[in-house]
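Student: I'd like to take a close look at one part of this model, and then see how the parts around it are arranged. Could you walk me through it?

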Amino acid sequence: MEVASEGFRSAEEFATVAHAARNTNVPFMLLKHRVVTEGQSLEDAIRESKPDADAKAEVQRARDAARSDVEAIAKA
């Protein structure tokens with residue numbers, strides 16, 4: 001977990017990329033590389049990895065799920 005989350009600015013950003021990877025079937029490490037190392041937006045990273053996906057909708061879907069995860073952890 002420590003290696004996977006390395007480089008992200010927040011738990012929410014990490015969770016958003018993780019959800020986006022799962023939802024789009026794009027490897028997490030590929031999205032992470034494009035977002036963290038190359039500085040792309042998650043939307044651009046998804047669009048580049050999976051041109052047929054609705055990248056904007058996928059980012060919103062992933063962000064909503066990540067926020068829910070972070071809120072659930074904060075309440076625990």
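Which side chain of opposite charge is nearest to lysine 32, and how far away is it?

Tutor: Happy to! This is a predicted model, in which local features need pLDDT of at least 70 and side-chain atom pairs count only at pLDDT 80 or more, while totals for chains, interfaces and linings use all residues. Residues are numbered from 1 along each chain as its sequence is written, and side-chain values use heavy atoms, with hydrogens and water left out.

The nearest side chain of opposite charge is glutamate 6, 6.0 Å away; Lys and Arg count as positive and Asp and Glu as negative, with His and the chain ends not counted. Lysine 32 is buried yet has no salt bridge (buried is under 20% relative accessible area, exposed over 50%, partly exposed in between, with a 1.4 Å probe and protein chains only; a salt bridge puts a side-chain nitrogen of Lys or Arg within 4 Å of a carboxyl oxygen of Asp or Glu). What a polar atom of its side chain does have is the backbone oxygen of valine 3, 3.0 Å away. Lysine 32 belongs to helix H3 (helices are DSSP runs of H or I of at least four residues, strands of E of at least two, numbered from the N terminus). Leaving aside residues up to four places away in sequence, lysine 32 touches Val3, Ala4, Glu6, Phe8, Val17 and Thr37 (contact is heavy atoms within 4.5 Å).

Asparagine 25 counts as exposed because its relative accessibility is 66%, and its phi is positive, near 60 degrees. Most residues other than glycine have a negative phi.

Back in H2, threonine 16 has 6% relative accessibility, so threonine 16 counts as buried. Beyond four places in sequence, threonine 16 touches Leu42, Val59, Ala62, Arg63 and Ala66.

In H4 (residues 42–49), Leu42, Ala45 and Ile46 are buried. Down the axis of H4 these fall within an arc of 95 degrees, so they line one face (the arc is taken from the directions of the C-beta atoms from the helix axis). Their cover includes H2, H3 and helix H5 (55–75).

H5 itself buries Ala55, Glu58, Val59, Ala62 and Ala66. Their arc is only 95 degrees, which puts them on the same side of H5. H2 and H4 are among what covers them, whereas the face turned away carries the exposed residues Lys56 and Lys75.

Key: A polar contact is a pair of N or O atoms within 3.5 Å; within protein, one must be able to donate a hydrogen and the other to accept it, and residues adjacent in sequence count only if both atoms are side-chain atoms.
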